[in-house]
Amino acid sequence: MRDPQPLPLLAATALLLVGCSGSEDPASAGAQAKQDFTPIAAPSNPMTDLELVEDRTEEVADRLLSFSAVLVKQDFETAQAWFADDFQGMGFAGLLVSSETTQLQGVVSRDFDVSRAPIVNKAGLIASWEETFGKWGQVSSVIWKVKGAEFQQGGRPSGRIKLYLHATGILPDGTMQSFAAWGWARVKRVGDWVIDRLEFTSYNFKTLSQAPYVEVTSAAGVGHTFARFGSDQNRSFHFNGAAAGDVDGDGDWDLFVPSDERNFLYIAQPDGTYTEEAVQRAVDQPDDGTGAVFLDYDNDGDQDLFVAQVGWAFEDDRGGHHCALYTNDGTGKFTHASELAGLGSPFVAYSPTVFDFDGDGWLDIFLSCYGMVEREHNNSWFQATNGYPNALLRNLGEGKGFEDVATKLGMAGSRWSYASAAADIDLDGDPDLYVANDYGDNEFWINAGDGTFEQQSDARGVTDRGNGMGVSFGDLNQDGRLDLYVSNMSSTAGNRILDRLEDSIDQETYLVLRKLAAGNSIFFQEQDGNLKRLPKNAGGVGASWAWSANLADLNLDGRLDIFCTNGFVTGNLAFDT
Amino acid sequence: MVASTVCDTPSEGEFKLQSVGNEGFLDRHNSQIFAEGRSFSGNERDKLFLNRGDGTFADISDLSGCDSPGDGRGVICADLDDDGDLDLFVHEIQRERHHLYRNNLGGKFIKVRLVATSGQHEAIGATVIIHGPEGPVAQPLTRGAGFVSCQAPELVFGLGTADSGTIEVVWPGGAKEDFGTIKANSRVLLTEGSGQATNFAARPRPLPDPLPKGLLLRIGDTLPALGMLDAQGELAILDPIALADGGELWINMWGKSCVPCIKEMPLLSEHDKSADLRVVLLCTDPPQHRAQAAPIAAKRATGLADFYLGAEPRDVAAPPENYIDLLRLPIPTTLRISAEGKLLGVIRGTVPPH
């Protein structure tokens with residue numbers, strides 16, 4: 001379907017979307033008196049079999065995901081199929097503003113009074129959705145998420161679900177829109193699951209007149225379209241990253257992007273575009289690199305390039321690549337130093353981190369190594385010990401390659417390591433290293449200053465058991481000390497299940513699992529050097545399946561903000577967990 | 001976590017996720033799941049949290065313009081256009097894998113690059129502290145942090161409303177050095193032991209304005225003659241150079257159900273009367289709708305040449321879909337083409353009156 005850009009004059013009326021006009025009833029045909037509406041009650045005889053409850057919850061969640069897809073397309077006719085003919089509940093229009101605040105960056109947030117929401121029938125509900133969201137020039141996303149569910153024992157399948165509704169879009173004049181509501185729905189299965197009662201407990205709109213960012217991918221010449229993840233051409237779990245550096249010494253930041261079938265090297269041009277020159281500059285192969293870093297490996301004044309690889313499959317001749325070091329000739333033309341010492345072994349390497357850990361003036365590289373996912377699974381959910389050993393590639397100097405000293409220094413381990421970050425957290429002159437591990441405890445290697453490290457994650461309170469994906473340092477509370485940000489996973493399904501499990505499993509297991517599903521962590525460094533976890537309700541951590549976090553002052557207000565990539569796999573079907 | 005590892009049974013004695021649900025899903029192998037097009041923790045979007053300054057953070061992802069749902073992995077956060085604010089490059093796993101987001105906010109800043117003299121010259125691991133309006137803010141110079149991501153060797157500090165900030169560096173090796181007060185919007189090179197900041201030159205290279213989704217051309221690209229039909233369904237070549245006739249050519253893309261498109265047609269006819277501007281219409285409706293679309297153009301866009309999809313044979317001129325993905329292109333959109341047939345720019349939405 002094409003995406004028409006509605007008339008700009010709609011922008012003004014769209015700002016009045018909800019609640020600003022109590023007299024204007026958007027759904028008069030469907031409106032009913034409020035007193036007719038009975039609040040949605042919990043099932044009188046709830047199902048107790050947890051597995052059946054979760055199966056049923058999944059059915060409802062899947063059904064609502066496909067509904068979300070219909071709403072993104074603004075297909076209001078099809079949308080009717082998700083509601084019972086005798087639907088009765090709160091509509092999306094005609095609510096009154098209960099509070100309005102202007103927040104950071106000019107975000108205007110309006111809460112609406114749900115206690116006086118108009119009650120509508122099915123036609124009125126659809127009309128109210130159209131009234132409220134039909135005026136968005138573009139609906140970017142709609143999500144109806146099931147945050148909890150209870151079902152009636154016996155009889156026709158029915159139940160009560162706790163709902164989170166979320167939508168984002170853009171008005172024709174560019175104003176950014178976001179909608180979030182919590183509520184309850186009564187559902188029943190009539191062929192498919194349908195909603196027959198709907199009730200909000202909170203209802204909020206946020207607007208921002210101009211988005212901080214605009215996507216310029218194709219205009220700048222860095223667009224790359226590849227197959228959908230999961231298809232034959234794109235099914236590798238060797239996730240690919242990106243590195244910035246000045247390849248040709250002109251003072252602009254060029255971008256190296258390892259990828260599945262070949263690498264990309266975007267060279268910055270004076271006109272603001274990029275030209276892709278991986279082949280000309282001889283960094284296009286080998287493909288399927290994970291993380292990459294620029295560094296002056298041989299101290300000759302230019303930026304060399306190191307690309308991590310998942311190469312364990314060498315061992316049984318199934319493909320895979322060595323980690324690659326490309327040396328720069330000073331003009332931005334590279335040579336693949338394929339026979340370099342220290343790189344002849346296979347690694348299961350994801351994120352390389354550059355630092356001079358021993359202070360000898362030559363840059364070393366720590367390689368976070370994961371598990372061999374194609375061959376074996378993690379042997380524990382929260383204490384896995386069958387990960388591939390990490391590597392610490394000590395630079396031998398003078399371009400002579402590397403020596404892996406991780407085992408010698410006791411840092412190889414057997415965790416499933418995805419990433420690390422180095423910084424002088426204690427400002428004693430040497431770089432310390434935090435390692436984020438999936439399925440287990442993270443490690444915090446404090447540099448003793450003599451070329452050795454001591455693992456102090458417990459002592460410093462930053463073990464952060466969970467599914468560690470990434471780690472970054474930066475000062476997030478303007479006190480001049482570096483703080484710690486760890487990317488983890490959180491899970492709607494996991495938390496929903498745990499809500500039901502609290503009384504039925506032992507407390508220790510429960511707490512472990514709760515942490516596993518909890519999401520990202522921020523640790524502020526205090527005056528005494530201790531790191532203290534920021535409570536979750538302080539914000540900044542609410543991603544779901546988080547990867548790379550960057551701590552930087554994105555709005556130049558003098559405080560570091562957080563950008564974090566997020567999401568595991570988004571398929572082209574509606575079904576999800 | 002990788003889903004394949006969620007799909008098998010963990011070692012005995014441990015708590016089994018399978019036992020608490022999802023059994024049918026988790027028991028199936030991930031590659032099959034994803035080959036089928038199912039999601040796993042999908043439909044999530046990249047996150048932007050702003051620092052409120054009081055130890056809390058505001059989630060403005062929804063309104064940020066950079067919250068792609070394509071399952072982001074690596075990210076670069078750097079001032080790519082040298083205008084002082086930080087742009088983003090994100091590598092995702094789904095179809096459109098590379099994303100570049102231009103920061104539109106601007107503001108006062110200090111950019112810092114470092115040269116170490118006692119250790120390796122790149123000063124990786126140094127911590128720079130700027131005392132600015134919100135207190136001292138520390139940033140480490142890293143290469144390789146986050147997840148599979150490597151940042152540019154430059155630190156950007158915002159100054160809010162302040163006109164300057166004072167800089168302190170803790171160099172690898174531990175030496176602390178004060179570089180004094182630096183004015184807002186400075187780009188400074190700090191060399192260890194010098195005690196003095198030196199300015200380095202700005203290299204502005206403004207990132208381009210966005211192009212509409214579905215446009216497969218970049219600014220400066222040549223649009224060749226396209227094989228189209230006229231209102232009667234006869235073959236008609238949309239030849240930009242011939243139609244521009246030495247001036248500028250606007251190709252307005254419209255559809256019969258697009259109200260703003262139809263409303264602006266008289267204005268397009270007016271523009272066509274300018275001495276050095278020609279306007280033509282390219283209808284984006286499928287060929288079977290030409291009969292309904294053509295009378296609208298005839299009535300509303302008097303005097304304009306109008307072109308329709310469905311030309312055969314395909315070898316008489318270039319097929320339009322090679323240059324414009326008409327199913328994805330928002331309309332109205334107007335391409336500005338030079339007398340030489342090159343794309344000068346794009347008018348997104350309705351055209352301006354003058």
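Q: How many salt bridges does a search of the whole structure find over all chains?
A: Keep in mind that this is a predicted model. The search takes in all chains, and its total comes to 36 salt bridges.

Q: Which strand holds the partner of A:R186 in its salt bridge?
A: A:R186 pairs up with A:D196, N to O at 3.1 Å. A:R186 sits in strand β8 of chain A, and its partner is 10 residues away, in strand β9 (residues 192-208).

Q: Where in chain A is A:R262, the salt-bridge partner of A:E276?
A: The closest N and O atoms of this pair are 3.1 Å apart. A:E276 belongs to strand β14, and 14 residues separate the two. A:R262 lies in the loop between β12 (254-257) and β13 (264-268).

Q: How many salt bridges cross the interface of chain A and chain B?
A: Here 174 residues of chain A touch 149 residues of chain B. One salt bridge joins A:R559 to B:E134, with the closest N and O atoms 2.9 Å apart. Across the interface, the count is 3.

Q: What is the bridge partner of A:F563 in β1(B)?
A: Strand β32 of chain A and strand β1 of chain B run antiparallel, joined by 3 bridges. In β1(B), A:F563 is partnered by B:L48.

Note on methods
Residues are numbered from 1 along each chain as its sequence is written. Chains are lettered from A and ligands numbered from 1 in the order in which they are written. This is a predicted model: local features need pLDDT of at least 70, side-chain atom pairs count only at pLDDT 80 or more; totals for chains, interfaces and linings use all residues. Side-chain values use heavy atoms; hydrogens and water are left out. Contact means heavy atoms within 4.5 Å. A salt bridge is a side-chain nitrogen of Lys or Arg within 4 Å of a carboxyl oxygen of Asp or Glu. Two strands pair if DSSP finds at least two bridges between them. Helices (H or I, at least four residues) and strands (E, at least two) are DSSP runs, numbered from the N terminus.
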